[in-house]
Amino acid sequence: MKHARYFSLIVVVIVVTFIAGLTWSYVSASDGEQIIKVTAKKFEYSPKEITLKKGVPVVLEFTSLDRMHGFSCPGLGIRSDIPPEKVTRLQFVPQKAGTFPFHCDVFCGTGHGGMTGTIIVTE
Amino acid sequence: MKIDRRDFLKLAGIGGVVFASGLGGWGSAARAKPPGEEDFFFVQLSDTHWGFTGPAINPDAAGTLKKAVVAVNRLKHQPDFVMFTGDLTHVTDDDNERRKRMAAVRDIISELKVKNVKFMPGEHDAGLDEAAAFKEFFGVTHYTFDHKGVKFIVLDNVSDPTSSIGATQLEWLSAQLKQLPKDARIVVFTHRPLFDLYPEWDWYTRDGAKALELLMPYQNVTVFYGHIHQENHHTTKQIAHHAAKGLMLPLPAPGSAPKNAPIPWDPAAPYKGMGFREVEAKVKPVQYALTELPVMGE
């Protein structure tokens, strides 16, 4: 019984480590904050789907690869300009769970209307 | 311009929204009135998006605006002026192509019988070059004009790609308004809505609330705008806002679809969702009777 409990604990540790490893490519932590790097270019964001946890502070670190873009997520009440050649940080704490679309709100050309993405906030 | 009651009823029956409470007073309205108290008509055309191609959306992309021009020319009563509320051209990243499109749309519009034609840009015209090409073809992007006792104010909320009017233009607006009495008849033309219609689809003006704050002390303010390619009516306190249909690609109602992608062409109902608007400006009481007309007109 005791061995079984240890085995379960080891499995949980392995799974958590694996998930953390998968997400490390674009998420890191600093003082308890999630930091998520987001690139913007005509006419897409990467990643275009961002998953957050309700109540957990997060910093979106934006980099534009070409020109001025914008980031607006009205459902969460956040927005930022994304000028080129610098990193722009947007810090916030998601206060509600749900799916919230975001879009570029700086007119950037022919595909501007399709430059969109989604933030998913889990409980 | 003389219009009898029968004409007015016909106008009201076309299917548009009519904000008229004084049918009984129409007979007197037709009589000659002193300057500043005359009723008059103007036509609003919007979002012609010249240069757009997409047969699934509009297989007559090269013909729709031309048909609308013919329809306006066929109106029984020619309007005092025609106002284009932006997005004359569809966006292109190529500066030369943008100018070609503006030249083409200018030539088509020159076929209007009415020569008093006013313009303003949409973000497709002006958002990539801060209206440089637009100014070459159509002139300044914000201005005022007076017509039969109405102060018309054209606001530019697109040349700044951040969907803003900007501090300088807001100061100019404030200075214009300070010259007017609080009961002045004011019509504002913009491309984007000044209020937050649906920010998720970029259907708003970032500093539109500041413009509305400046307009709010005035009793008779009406806003006509484009951008959303459909009829929409809204009020912010006493200020009425009326969006017009476009003449190229209909868009879904705010929030009614996952994305604001154009509505596909319906072969059973060609040009559905497109059209233009006739506005009758009445003096006493101050009213704007709107008639929504299809691309082919009456």
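Biologist: Which residue in β8(A) is the bridge partner of A:Thr63?
Modeller: The bridge partner of A:Thr63 in β8(A) is A:Val87, where strands are DSSP runs of E with at least two residues, helices are runs of H or I with at least four, and both are numbered from the N terminus. This is a predicted model, in which local features need pLDDT of at least 70 and side-chain atom pairs count only at pLDDT 80 or more, while totals for chains, interfaces and linings use all residues. Residues are numbered from 1 along each chain as its sequence is written, and chains are lettered from A and ligands numbered from 1 in the order in which they are written.

Biologist: How many bridges join β5 of chain A to β8(A)?
Modeller: Six bridges join strand β5 (residues 58-64) of chain A to β8(A), and the two run antiparallel; strands count as paired if DSSP finds at least two bridges between them.

Biologist: And why does β8 of chain A lie largely in the open?
Modeller: Of the six residues of strand β8 (residues 87-92) of chain A, zero are buried, so the strand lies largely in the open. Buried means 20 or more other C-beta atoms within 10 Å of the residue's own, exposed means 12 or fewer, and partly exposed is in between, with C-beta atoms placed from the backbone.

Biologist: Switching to chain B, what is the strand order in the open sheet?
Modeller: The five strands of that chain B sheet follow the order β3-β2-β1-β10-β11, with mixed pairing. Its edge strands, β3 (117-120) and β11 (287-293), each pair on one side only.

Biologist: What about β1 and β10 of chain B, in which sense do they pair?
Modeller: Strand β1 (residues 40-45) and strand β10 (residues 276-282) of chain B pair in the antiparallel sense over five bridges, and B:Phe41 has B:Glu280 in β10(B) as its bridge partner.
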